[in-house]
Amino acid sequence: MGCSRSNGPAPDTSLGGGPSVYLSDNFAPVTEEVTLTELEVIGSIPRELNGRFLRNGPNPLGDTDAESYHWFIGDGMVHGLRFEDGRADWYRNRWVRSEGLVDALGESIDGRSLMGSPNTNIIAHGGRTWAIVESGAPPAEMTYELDTLGTTPGWGRYTAHPKFDPDTGELHTLAYDWASLRDHIQYVVMDANAQEIKRVNIPMQGMTMIHDMSLTKNYVVIFDLPVTVSFAALGLGADFPFRWDNDHEPRVGLLLRNGSPADIVWSSISPNYAYHPMNAYEDESGNVVIDICRYDKMFEQDTNGPFGDSDPRLDRWTINPRERRVTEEIVDERPQEFPRIHPDLNSKPYRYGYTVGLGEKSFPAIYKQDMHTGVATSFEVGPARHSAEPVFVPREGAEAEDDGYLMTCVFDEQRQASEFIILDAQDLARGPLAQAMLPVRVPFGFHGNWVPDSTA
Ligand SMILES: [Fe+2]
């Protein structure tokens, strides 16, 4: 990956800024699906961890045009590691089947439709598992062993980042689809049994890339930031048409959970793009506090992926809804992404967040952010080794917010192979409690989750 800034003279609306770097090194796709059992483990896997650590990411099948390839559009491939009773029971990687993939792989499939190959996240809800993506393809339901069942009947568009409400068990989502919705997005709520219970159309100006959202006690937070569909890029046949848009007013909206879109409170914010909020909540004054990884620019010069135009830092945005004013503060200037928190504190006041530190063509560290003290600690994964999104898993019976584990996937350049590691979230310096070693690579990808067998 490239984190250095490019200095080209003019915004690039071409098919790409040259050959994509997102097909080389550990961005390169793997070419085989494998099933491995009884993996070698260094250290000791906590015996209470019974379930699957799942992750999704792009892994294009077959020949790919490096001039036009965008990291966000590759065929989805899910990776899963099952832990049981202190053992690394199995590892599997599987493409998320689309109709095209089934044809290319020479397979046939009966039953459900296969619309697209969601490549961005994999979640479990209501005892079922889905690979998901924004803008277009509906969720693909997966089996426990990560085979594709297909589109779930009755489910339409979705998002890569549904927000879990720990009080109700609901999933709240903002869905957009530039090709079909065009002038609105949709606020959709699924109940604890994965049944849709609400769908509200929200009119929008322009076709903005709304990758994620936030949820607070009373609000749904809409990030309407200046990365929009470029008709110039579409005219040139770009597969991924989003570009930086100086003409789009950046703003953040607060929609009351049970309110009308006509009553959204919009507040202007400085030009930026953000994929991922760490968390959001309402403080004692009724202000909305949002911690978020913020980029100065996105898809202006580097149009093949997210890391070329600017580096993401950790910000705190505080919205005063009465004055429609946002106060922006820098929390940590170091480049970092893929923020995660304790899953039961989404939408609530919290203290700890976890991110991946970004370096020059590297993901060298996991950061733990103490949002009360402002102190960050870190775990360096080692020379020529790269980390990924850190997923926090509470320890059984934990009382402290950070009493639990961080799970992530590490790529080792020397071995040209990956491992899944488990860290003690209260003591990152201690190093991995366990490393489950793979003989194969897990390419750099996006998001995943720990799914305990008790909920599968
Ligand atoms: Fe994301």
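For the views below, Ala, Val, Leu, Ile, Met, Phe, Trp, Tyr, Cys and Pro count as nonpolar, Asp, Glu, Lys and Arg count as charged, and the others, Gly among them, count as polar. The model shown is predicted, and local features need pLDDT of at least 70, side-chain atom pairs count only at pLDDT 80 or more, while totals for chains, interfaces and linings use all residues. Residues are numbered from 1 along each chain as its sequence is written, and side-chain values use heavy atoms, with hydrogens and water left out.

View 1. Two or more lining residues come from each of strand 6 (121–125), strand 10 (163–164), strand 20 (277–282), strand 24 (336–340), strand 29 (391–394) and strand 33 (448–452), where strands are DSSP runs of E with at least two residues, helices are runs of H or I with at least four, and both are numbered from the N terminus. By residue type, the lining of the largest pocket divides into 21 nonpolar, 16 polar and eight charged residues.

**View 2. Strands 6 and 33, which both contribute to the lining of the largest pocket.** Four of the five residues of strand 6 are buried, so strand 6 is largely enclosed by the rest of the structure; buried means under 20% relative accessible area, exposed means over 50%, and partly exposed lies in between, with a 1.4 Å probe and protein chains only. Strand 6 pairs with strand 7 (residues 128–132) in the antiparallel sense over five bridges, two strands being paired if DSSP finds at least two bridges between them. In this pairing Ile123 stands opposite Trp130, and the hairpin has two residues between its strands, with Gly126 in the turn taking a positive phi of about 60°. Strand 33 is mostly covered, with four of its five residues buried, and five bridges join it to strand 3 (residues 51–58) in the antiparallel sense.

**View 3. The largest nonpolar core, around Ile222.** A nonpolar core is a set of buried Ala, Val, Leu, Ile, Met, Phe, Trp, Tyr and Cys residues joined through side-chain atoms within 4.5 Å. The largest has 70 residues, of which Ile222 and Ile290 touch the most other members, and strand 15 (residues 219–224) gives the most to this core, with five residues. Leaving aside neighbours within four places in sequence, Ile222 is in contact (heavy atoms within 4.5 Å) with residues including Leu174, Ile185, Ile202, Gly253 and Trp266. Apart from this core lies another, of 23 residues, among them Ile45, Tyr91, Ala388 and Cys409.

View 4. Strand 18 (residues 251–256) is joined to strand 19 by four bridges, and Gly253 stands opposite Trp266.

**View 5. Strand 12 and its two partners, strands 11 and 13.** Seven of the seven residues of strand 12 (residues 184–190) are buried, so strand 12 is largely enclosed by the rest of the structure. His184, Gln186, Val188 and Met190 point one way, whereas Ile185, Tyr187 and Val189 point the other way. Strand 11 (residues 171–175) runs antiparallel to strand 12 and is joined to it by five bridges, with Thr173 opposite Val188. Seven bridges join strand 12 to strand 13 (residues 196–203), also antiparallel, and Val189 stands opposite Lys198.
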